[in-house]
Amino acid sequence: MPQPNKAMLKDLNNTYITEENSYDEEEQQREHETLLASLNDEQRLVFGGVMDSIECGKGQFFFLNGAGGTGKTYLYQTIITKIRSLQKIVLPVASSGIAALLLPGGRTAHSRFKIPLNLQEHSMCDIKPGSMLAELLKETVLIIWDEAPMTHRQAFEALDRTIRDISSPEDPNAANRLFGGKTVLLGGDFRQILPVIAEGRRQDTVSAAINRSYLWDSCKFYNLTQNMRLRVEEKTFARWILQVGDGNAAKINRPMGSCEEVDVIKIEGKLMLETEENQLERLAASVYTDFYASYDDREYITERAILTPKNDSS
Ligand SMILES: Nc1ncnc2c1ncn2[C@@H]1O[C@H](COP(=O)(O)OP(=O)(O)OP(=O)(O)O)[C@@H](O)[C@H]1O
């Protein structure tokens, strides 16, 4: 009887790798074909670029830029199902738990890569060479990281150093390649939330963003521009959000002589919670209705969130 080789036995004992290899190839292939058939030209271009980088071992670093509704998640799903149908490993992560739940098999980046909470300029992830997680990373052909603009650049840099470090004993070239030669696809929208620096100034936020990293010089940039949402009210809302992000939304005129630097924009009444008192309690009660009856319902929790971009509740 043929004996399994050592590398195969090692993989079988690695629960992380076993878990990632447990997808049904045929089911993934079917799902992939359905998604692929409806990709628009912009999405197709990105799909081709990412697959080419993986298949030819180019190890490219990509950024997928696109406003809400332009089909980033849809495209990630198309790529993920393709890779899993080939019995290869892709690790989809997101900066926030909510976005991670939208990716099949997704996790938050901090939990997946053991990124330290107190990042410094030369931090590394807490992944020991030879550990199960290190072996999983070595086997991974693609990392997808959604909502990248809201994570501090030092988190990506820590992951870059860590993958080079754990891969280089077996592959000396890995030490000189971005992410040790792995293909990495970041995505998101710079108009949305940028890294939150507690009590930071504007320039602190700007210098923490991924586009200020040494990694950015090697990044291939893709843009999705077509809004793929079908419902009219969703399209209208998406258009308004885009105007807010671009600074073009209708503003409320400032009083004559005001030296205030920030603009005040008009928000439709139906999006407002009109209340003078107990504003935080009212907000929480309105977003999390029936919280105690529903807090352990995955769908209920996935569908709602309160964002506070300035890390300031007052
Ligand atoms: N090529 C496509 N064919 C059919 N439907 C699509 C396609 N691309 C996206 N969609 C649909 O459009 C809607 C928005 O897409 P998706 O959620 O992927 O956008 P997104 O860029 O991830 O948005 P957000 O940043 O708000 O999460 C979804 O309902 C999705 O199923």
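Predicted model: local features only at pLDDT ≥ 70, side-chain atom pairs only at ≥ 80, totals over all residues.
A search of the whole structure finds 14 of them.

Start with Glu20 and Arg112. Their side chains meet in a salt bridge, with N to O at 3.4 Å. Glu20 sits in helix α2, residues 15-20, while Arg112 belongs to helix α7, residues 109-113, so the pair ties together parts that lie 92 residues apart in sequence. Glu20 is buried, at a relative accessible area of 6%. Arg112 is buried too, at 5%.

Next comes helix α8, which spans residues 132-139 and holds both Lys138 and Glu135. These two form a salt bridge, and their closest N and O atoms are 3.2 Å apart. The spacing is three residues, about one turn of the helix. Lys138 has a relative accessible area of 24%. Buried means under 20%, and exposed means over 50%, so a residue in between is partly exposed. Lys138 is therefore partly exposed. Glu135 counts as buried, at 14% relative accessibility.

Move on to helix α9, residues 153-167, where Arg164 and Asp160 both lie. Here the spacing is four residues, again about one turn of the helix. The two side chains meet in a salt bridge at 2.9 Å, N to O. Asp160 is buried, with a relative accessible area of 1%. Arg164 also counts as buried, at 18% relative accessibility.

Key:
Residues numbered from 1 in each chain as written. Heavy atoms only, no water. Salt bridge = Lys/Arg side-chain N within 4 Å of Asp/Glu carboxyl O. Helix = DSSP H or I, 4+ residues; strand = E, 2+ residues; numbered from the N terminus. Buried < 20%, exposed > 50% of the residue type's maximum accessible area, 1.4 Å probe, protein only.
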